[in-house]
Amino acid sequence: MRNPAPLPSRRRSPVIDVLIVVGLGLIALLAYANSFTGEFALDNKLSILQDPRLTALSAEHLRQIVHEGYWWPNITSELYRPLTTLSYLFNYSILGNGPRPSGYHVINFLLHWANVLLLFAFARKFSGSVRLGAIAAAIFAVHPVTVESVTNIVGRADLLA
């Protein structure tokens, strides 16, 4: 008995993928655009404005970020988040956002969008359905469980995790 000829694979246009990526970004943007004008609140001031390691990109500041705790020098703690602190250094010194919160909010949004796209890729891969992946990612993009991580600047630790 002969094996049947394989069915031709249905290839999606790359335009569809781009539209999904942009669409998911727009959905998330609609949900979080109002957070871009938020000020530094709560522990944002302590973690960003009062951290001398963020004021300039230098070998000493990088050493301190890697070797000291998250709250250093203000609080002694075992909490260790060097990637998060490096991202604040990126905002503060490299992008020049300093004490202006809007740039930090934009980076948080971009990280959230990246996480939405990761979920889309994961759900698409394991479900075998682009539609199901897009729906799951769209729900995650606007789900209230992510509000604090996206709108509160120090929620970035969760976004990076």
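Predicted model: local features only at pLDDT ≥ 70, side-chain atom pairs only at ≥ 80, totals over all residues.
Local features were taken at pLDDT of at least 70 and side-chain atom pairs at pLDDT 80 or more, while totals for chains, interfaces and linings use all residues. Residues are numbered from 1 along each chain as its sequence is written, and side-chain values use heavy atoms, without hydrogens or water.

The largest nonpolar core holds 14 residues. Such a core is a set of buried Ala, Val, Leu, Ile, Met, Phe, Trp, Tyr and Cys residues joined through side-chain atoms within 4.5 Å. Buried denotes under 20% relative accessible area, exposed over 50%, and partly exposed in between (1.4 Å probe, protein chains only). Ile20, Leu24, Val116, Phe120 and Ala137 touch the most other members. Helix 1 (14-32), helix 5 (102-127) and helix 6 (130-142) each supply at least two residues of this core. Helix 6 gives the most, with five. Helices are DSSP runs (H or I, at least four residues), numbered from the N terminus. Beyond its neighbours within four places in sequence, Val116 is in contact (heavy atoms within 4.5 Å) with Leu24, Ala137, Phe140 and Ala141. A second, separate core has twelve residues, including Leu54, Tyr88, Leu89 and Ile153.

The buried residues of helix 1 are Ile20, Leu24, Gly25, Ala28 and Tyr32. They lie on the same side of helix 1, because they cover an arc of only 125° around the axis. The arc is that of the directions from the helix axis to the C-beta atoms. Helix 5, helix 6 and helix 7 (147-151) are among the elements covering these residues. The face turned away from the buried side carries the exposed residues Val15, Val18, Leu19 and Leu30.
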